Amino acid sequence: MTIAKPQSDILKALSAPFKPEQVRWKPQTVKGNLCLAVAYLDARAIMARLDAVCGTGWQDAFEVLPDGSALCGLTLLLEGQWVTRSDVGSPSEQPDEGDRRKAAISDALKRAAVKWGIGRYLYELPKQWVEYDAARKSIATAPQLPTWALPGKDQPAAPAVVTHEQAKELQRLLQGNRSIDPAKFLTRFHVNRLSEMPAARYADAVELLTKPTAAILREAA
């Protein structure tokens with residue numbers, strides 16, 4: 001049974017700044033050997049924050065739209081009620097359709113998370129021009145975050161991952177049902193391997209493997 005936390009506590013913890021090493025940077029505008037750096041969060045960092053703050057009191061659902069974009073409904077348990085906030089993510093320009101779809105789903109999750117306050121403070125960062133590596137098409141030197149954008153002492157702790165035995169049990173269940181697409185299952189929890197599954201999501205993973213939905217099944221040949 002999940003115990004609902006006070007709404008104000010949840011929203012405050014969700015909106016707390018991330019550790020500097022969790023903040024990613026990408027070049028937006030390039031001028032010679034300089035670029036305008038834009039901060040963003042990886043989808044796994046967002047899921048880790050949700051696990052740390054909400055435990056099992058959150059869930060997400062995705063719908064791939066006809067134009068290739070994806071709709072994410074991010075639902076949280078607030079004071080005994082499930083509340084959903086949604087947003088749409090765009091596909092990437094990668095040649096593989098599966099990669100484009102995963103990018104759209106990841107982008108949709110990040111956008112929906114912002115509506116819950118996760119990483120919203122990054123949009124308020126001052127514009128920073130930094131050195132640009134033209135050969136690698138990437139930022140050469142990451143910007144410095146202002147003091148107000150650094151985590152405080154009440155930073156949510158990183159969630160624990162499943163034990164070795166739990167990972168083995170997930171592997172057994174996954175191998176026991178050949179109709180399940182392993183890649184889709186891992187993508188559902190935004191992890192690369194079973195050993196990275198957050199401990200707080202173990203029960204959800206077992207339930208999904210026991211009663212798989214169409215979203216994680218292999219496509220018919």
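Predicted model: local features only at pLDDT ≥ 70, side-chain atom pairs only at ≥ 80, totals over all residues.

Colleague: OK, strands. Which residue stands opposite Val64 in β4?

Modeller: Ala70. The strands β3 (residues 58–64) and β4 run antiparallel, paired over 7 bridges.

Colleague: What does the phi of Gly68 look like in that hairpin?

Modeller: Positive, near 95°. The hairpin of β3 and β4 has 5 residues between its strands.

Colleague: What is the strand order in the sheet with β5?

Modeller: The order is β3-β4-β5, an open sheet of 3 strands with antiparallel pairing. Its edge strands are β3 and β5 (81–89), each pairing on one side only. From one strand to the next, the twist averages 20°.

Colleague: How many bridges join β4 and β5?

Modeller: 9, again antiparallel. Across that pairing, Leu76 stands opposite Val83 in β5.

Colleague: Which strands does α2 touch when it packs on the sheet?

Modeller: α2 touches β3 and β4, and its direction makes about 145° with that of β3. α3 packs on the sheet too, touching β3, β4 and β5, at about 130° to the direction of β5. Axes are lines fitted to C-alpha atoms, for helices over the stretch in contact, and the angles run from 0 to 180 degrees between N-to-C directions. Contact means heavy atoms within 4.5 Å.

Colleague: What about the sheet with β1? What's its order?

Modeller: That one is open and antiparallel, with 4 strands ordered β1-β2-β6-β7. β1 and β7 (138–139) are its edges, each pairing on one side only. β1 and β2 share 8 bridges, and Val23 faces Leu41 in β2.

Colleague: Switching topic. Which residues touch the most other members of the largest nonpolar core?

Modeller: Leu14, Val23, Trp25, Leu50, Leu74, Leu76 and Ile118, out of 38 residues. A nonpolar core is a set of buried Ala, Val, Leu, Ile, Met, Phe, Trp, Tyr and Cys residues joined through side-chain atoms within 4.5 Å. Buried means under 20% relative accessible area, exposed over 50%, and partly exposed in between (1.4 Å probe, protein chains only).

Colleague: Which elements supply at least two residues each?

Modeller: α1 (7–14), β1 (23–31), β2 (34–41), α2 (43–54), β4 (70–78), α3 (97–114) and β6 (128–133). The largest share, 7 residues, comes from α2.

Colleague: What is Ile118 in contact with?

Modeller: Leaving aside neighbours within four places in sequence, Ile118 contacts Leu14, Phe18, Leu41, Ile46, Leu50 and Ala113. There is also a second, separate core of 17 residues, including Ala167, Val191, Met197 and Ile216.

Colleague: How many disulfides?

Modeller: 0. A disulfide is a pair of cysteine sulfur atoms within 2.5 Å. For Cys54, the nearest cysteine sulfur is that of Cys72, 13 Å away. Cys54 counts as buried at 11% relative accessibility, and Cys72 is buried at 0%.

Colleague: On to α6. Which of its residues are buried?

Modeller: Tyr202, Ala205, Leu208 and Leu209 are the buried ones in α6 (residues 202–210). They line one face of the helix, because they fall within an arc of 130° seen down its axis. The arc is that of the directions from the helix axis to the C-beta atoms.

Colleague: And what covers them?

Modeller: The cover includes α4 (164–175) and α5 (182–188). On the face turned away, α6 carries the exposed residues Ala203, Glu207 and Thr210.

Colleague: Last one. Where does Glu79 lie?

Modeller: In the loop between β4 and β5. Glu79 has a positive phi, near 50°, and is not a glycine. Glu79 is exposed, at 55% relative accessibility. Lys137 has a positive phi of about 55°. Lys137 sits in the loop between β6 and β7 and is exposed at 64%.

Note on methods. Residues numbered from 1 in each chain as written. Heavy atoms only, no water. Pairing = 2+ DSSP bridges.
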